[in-house]
Amino acid sequence: MTCLHLLLTLVFAVSLGTPVEIQRPRGVPLTKKPFYEENKPFTCLDGSRTIPFDRVNDDYCDCKDGSDEPGTAACPNGSFHCTNAGYRPMFIPSSRINDGICDCCDTTDEYNSGAKCENTCKELGLKERDVLQKMAEITKEGFLLKQQLIEEAKKGREEKQGKVTDMQENKKQLEEKVEALRTVKETAEQPEKEAKERHLKAWEEQKAAIRLEKDKAKMAEAFLELDDNADGFVSVSELQSHAELDPDADGTLTETEVQGLMGGAAQVDTSTFESVWTNIKDKYHSESQPEEPAPVETPPEEVKEPVVDNDSEPFPEDDISEEEDEDEDDEDDYHEDDDKVLPTVKTPEKSHEDGEAMLPYDPDTQTLIDAAQKARDDFEDSEKALREMDDQIRNIEKELSFDFGPDAEFTYLYSQCYELTTSEYIYRLCPFNRVSQKPKYGGSETNLGTWGSWSGPENNKYLVMKYEHGTGCWQGPNRSTTVKLTCGKETVVTSTSEPSRCEYLMEFTTPAVCQEPANMDLLPHGHEEL
Amino acid sequence: MAVIAIERMGLLSVVCVSLFFSSTFAVDRGNFKTCDQSAFCKRQRALKPGQSPYRALLETLELSDSRLTLQLINDNNKVHLLLELYRLQGNMTRVKINELKPLRPRFEVPDVLIAEPPTEPLSVLSKDDNGVVLSLGAKNQRLIVSARPFRLDIMQGPEVLLSLNSRGLLAFEHLRLHKDTQAQPDGAEVKESVDGDQQQDEGEKDEDGESDKEEDGLWEETFKSHTDTKPNGPTSISLDFSLPGVEHVYGIPEHADDLKLKTTDGGDPYRLYNLDVFQYELYNPMALYGSIPVMLAHNTQRTMGIFWLNAAETWVDISSNTAGKTVFGKMLDFVQGSSEKPQTDVRWISESGIIDVFIMLGPKPSDVFSQYASLTGTQSFPPLASLGYHQCRWNYNDQEDVKSVDQGFDQHDIPYDFIWLDIEHADGKRYFTWDPHKFPQPKEMLQGLMDKRRKMVAIVDPHIRVDSGYKIHNEITSKDFYVKNKDGRNYEGWCWPGNSGYPDFTKPEMRAWWSSMFAYDQYEGSMENLFTWNDMNEPSVFNGPEVTMHKDALHGKWEHRDIHNIYGLYVQMATAEGQTQRSGGVERPFVLTRAFFAGSQRFGAVWTGDNAAEWGHLKISIPMCLSLGLVGVSFCGADVGGFFKNPSTELLVRWYQTGAYQPFFRAHAHLDTTRREPWLFGPENTALIREVIRQRYALLPYWYQLLYQAHKTGMPVMRPLWVDYPKDTATFTIDDEFLIGSDLLVHPVTEEGSRGVTAYLPGAGEVWYDVHTFQKHNGAQNLYIPVTLSSIPVFQRGGSIIPRKDRVRRSSACMENDPYTLYVALSPKKFAEGELYIDDGHSLNYDTKKEFIHRSLTFANNALTSSNLCPDCNFLTSSWIEKVLILGASKPSKVLLKMDGKETPVDFEFDTSMSVLTLRKPGMNAGADWTLLLQ
């Protein structure tokens, strides 16, 4: 609209050579001229009273609404209209008439102050047209870009929604698959468990038998050793020579103590020695054999370090593409997976007892175990896939839940970051995420706020973003940032400032706020008329 | 920006940890001394009233035309003092007491008195062994010198107006050698520790036991981590004054306390010691940024003043024999004819120097003001623009910020005259410089403001960054102008720039050099619309004792102890002088100061320092400025909105309404606060603030005339009611409302959520007109006024004429040639008078060339007449009279303008409901002689 007006005014100015001075009281706009009829009593525009016409612009305020003094500073609430031929007409408060400051580019406001004003309307008009034209171009191009953005966002959204729908579908299937595999696993695990138990039981029995045999042999050996006089009996005195058997560990093995060990008997034969053996076998040292060496510590199992492959960035600061955030997410996923995988690393069942390894499973059992293991692996794989899918769905749903504008035109900003380097700091705006500030020459990053809400004016809240709850300020509030969005072809942070302590202001251009040029079609017509 | 935080954090952690680390919002009292912690105050206060050991040696009396001298002797230690008495012109008496033969000279405060006060002859009326009676001129006033014990009484007829040493508290610690103390650790020396020791009778018993204690702080004292080496030993002085018949005393600013001074029994005395008090507390006698050792005593019969000319740390005790009595008790006394007359007793104690007291005998309040003005000078006459609105903040970040704030005022159609830059504008807090990144083109910025006919103030503090790359520092160093520490090296302390030196402003050569730094070719980037603000001039030393300079620092041969309270005055003096000089003595300076002393009124404006965004601080701004006004400083204001913390919108609006009716009108805010330019609180509040700033601008002609009056006569601009209604006891304690001049009464709303205020309208048989509605109210009543957020109750006195410029523009300069509207408020006797003062608003030509218009406006006998008060003045104005409003008028049949021998009819309107007669566009030039006749 403004463009059109401007051009039409120009048309008049150019085609007629000089603007026509239509007779009307000073400071009255053309539209209000009919109310100021010379030589007729003037009625204040609010209708409050009627005065002789010679009191209009007589430098005394008669009307409460100031309408009798459009061309003087007499009324506190009056306004003065400057035509500003060549530029934009405007109203200024009456108090700026003849105040020694040039407000109207046509100099009409300073007709009696001695201020040396120059008519700058033409210059301003040119400049403004220039600016407006550029703006119009920017708006036009920006708006086209915006359409693309909307289109892309729409597509992207549909894609994502489709994806989510697909994924939801897949998820259902996956869930079913997980359930099915769980059943398979459980089915396979039952025979496995039974076979294993059988095997274990047999092994335990076998082990017990062997142990018993060994003990018996040891006992016989001990008996022979103890029976110094080889009379087929072990006597108290024979036993007393084994000081290590001292029950109270006072260093002497008394006769009474030995009798106690022997259950009150003076001597025992091989058959009754069995009960004595039970009493002494833990302490008994064979006279012939040296003491058992301490078991050599086996080196601990090498723990496998989880190798995290996170596409580590070679240029961590430079690359500010969307991947980075995703990388970070991925990284988390890796860790999660690792955590879950680690404890399930299979260790073959071992029995160190007596240094004897369990007998290998018989082929039938092993088959059952292999089958069960496969079922387990399949189940876990599917469960993991389900989790991953859940994460993906969640992420997409989170993205879809953001308010990306009436036409989702701000979608493209999601998971992007934009930087501005000032003399001291690098400012970084990651829309819908956070704003931060980092000293240019080393030092840690400060959070200037995380995404809060759209908080533009009522008629268009999408002109301002608010980021809140940043790092706390010393003796002050938490840092926060207001981001003002203006139309531009490019998406750039153009300035930052800190108007109040720890309250930052960022200017940001984006095509997403470019408004549809109101009468793009009319523009060429205007030119044609010329 | 974060960098500031880091810098500040660093600074603070080094510098004033204890100051800033208190998390609650209140002064850290532990940083400041109580009387008990100030050795001389403790010693002096331990003395109780009793018989004075001082005796006047009448045989030593010498009387010249204007001066009487007499020796006093302390019978305890035989030290002789010299008493000098002067009768000064204008009903004043000066009493000076010094040692007759001091070991070294004692400090006498220079540069406060504008001249040696002219004297009048003293004559001895009678003399005998007991004393001397001197005549103080007419009016039956006598001065009686009693010999044994020494005391002075000033009498009028049979009445004692004021007595000195009547309670025997004259005490003069004479200078002595330190070895004496060591040689005689007991007995005599102890007695001498306070020469006027009263307890000589019982003293013998106590002395030995107390000797150690009493010696404490004589030759050294330590407060917190700071040790004051006292190479001169004890030097304190004290004197008491009794004021029979007086129940109300005022003055001795600066304290955040009520207008009427309280008795100090049971608490600390009022303290006068210029200090940078962080987050000061209300309603207590603690010292603040400035000190004016002047007290006013008032009753229905008479107003008097005591001016204690001493720049050292000073404490003032006040006691009263009626203090404990309830109103009922007093009534009972009255009914029963109780014999006891009310009396107020005052005692002054200073750490060093001499006793030099001016007793101003009034008798009217206006007499005391002119008496004090004749001694220390009057309020400087400020540039008209400085009476407009000032927009300040710590800090406007950069030139862009300044520009956008400036534009903000125009966008919201709010007038303002000055925008201010705090410490961040300078390059690394090197004053006289500009931050090269934030303010790269100061002249461009100043020119931008000049194009809008507006002005700027940039801060220049007296602490100088110690930095060999800084011109100011290098010059001060090479000229050896820094204050020295006790060892003779340059004194250094921490302040905003870090390690800083403090120029010795007591040196005239130093001040002359400082002044020369304001020349346009010295102060780079300065222009004629750049003015100055002196902050931190107590001086503030972050790591010094009580956040100020060590008392043993040296200013030439004098210790900082001697001169402390006058340091800030000198800073402002040299700065104001520099501003005058840069214009070749043509333009008036404008300098705001935080620290001040008696005489500071001659150099510019004062504000009440770092207040807070709290209702209590809004309320206290009234008594604080009233107290300053009573002792000469009329150009006073408080930070609108409150410096620390964020004000609620209601508080901010109320503060604008209050500030708009106080002399110095500046909004200011701490760095840590959120922005609060007037348009940031929604359109309704913007409108409320705009409205009250516009009221201020409309009244600028009245403010200007009052400042002129203050400059000429010493009359305060913002006044307690009792100044104009001295016989109305109901006014004596009022400090929630005040008068501007004699003609406007303001009762600001200072309570949160207030729905109404009760204003006292003084003056039996008088009337007051609500300036907003023209509603007439009778005087001598408590009037309940319902209020909304837009209300600021203001009344014009019936009998007054106030000129206004109702065409409010974006700055005062823009209104220069605008016409006046005269608001004639008729008294019940249909009389009114007022004045109109006009000059160019900024130059000294009013003084040097008599270029001004001063007119008397009188309404009597149905005729309003303008007559010339200065026939030999010459100034031409293009301003004219556009309208005359006559409040309380009756409808005339005809109005005629008589001018230049011609009579022309004038249109008028009459509003019957409010009895307001409006004369339409009489049109005469504001400087002309004319009469408007109502027929």
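This is a predicted model: local features need pLDDT of at least 70, side-chain atom pairs count only at pLDDT 80 or more; totals for chains, interfaces and linings use all residues.
Helices here are DSSP runs of H or I, at least four residues long.

**Entry: coiled-coil spans, chain A**

I looked up the UniProt record. Its unreviewed entry places a "coiled-coil region" at residues 150–220 and 369–399 of chain A. I then checked each span in the model. Residues 369–399 of chain A are 100% helix and 0% strand. The end C-alpha atoms of that span lie 45 Å apart. Residues 150–220 of chain A also come out at 100% helix and 0% strand. Here the end C-alpha atoms are 95 Å apart.

**Entry: aromatic pairs**

How many aromatic pairs are there over all chains? I searched the whole structure and found 65. One of them joins Phe518(B) and Tyr523(B). This pair is edge-to-face, with 70° between the planes and 6.1 Å centre to centre.

**Entry: aromatic cluster, chain A**

I also found one aromatic cluster in chain A. Among its members are Phe402(A), Phe404(A) and Phe410(A).

**Entry: charges over rings**

I checked for arginines over rings. In chain A, Arg26(A) lies over the face of Tyr111(A), 3.5 Å from the ring centre. In chain B, the charged end of Arg666(B) sits over the ring of Trp607(B), at 5.0 Å from its centre.

Technical notes:
Residues are numbered from 1 along each chain as its sequence is written. Chains are lettered from A and ligands numbered from 1 in the order in which they are written. Side-chain values use heavy atoms; hydrogens and water are left out. Rings of Phe, Tyr and Trp (its six-membered ring) pair if their centres lie within 6.5 Å; planes under 30 degrees apart count as stacked, over 60 as edge-to-face and the rest as tilted. A charge sits over a ring if NZ of Lys or CZ of Arg is within 6 Å of the ring centre and within 35 degrees of the ring normal. UniProt positions are given in the numbering used here, feature names are shortened, and annotations may be inferred rather than shown by experiment. Helices (H or I, at least four residues) and strands (E, at least two) are DSSP runs, numbered from the N terminus.
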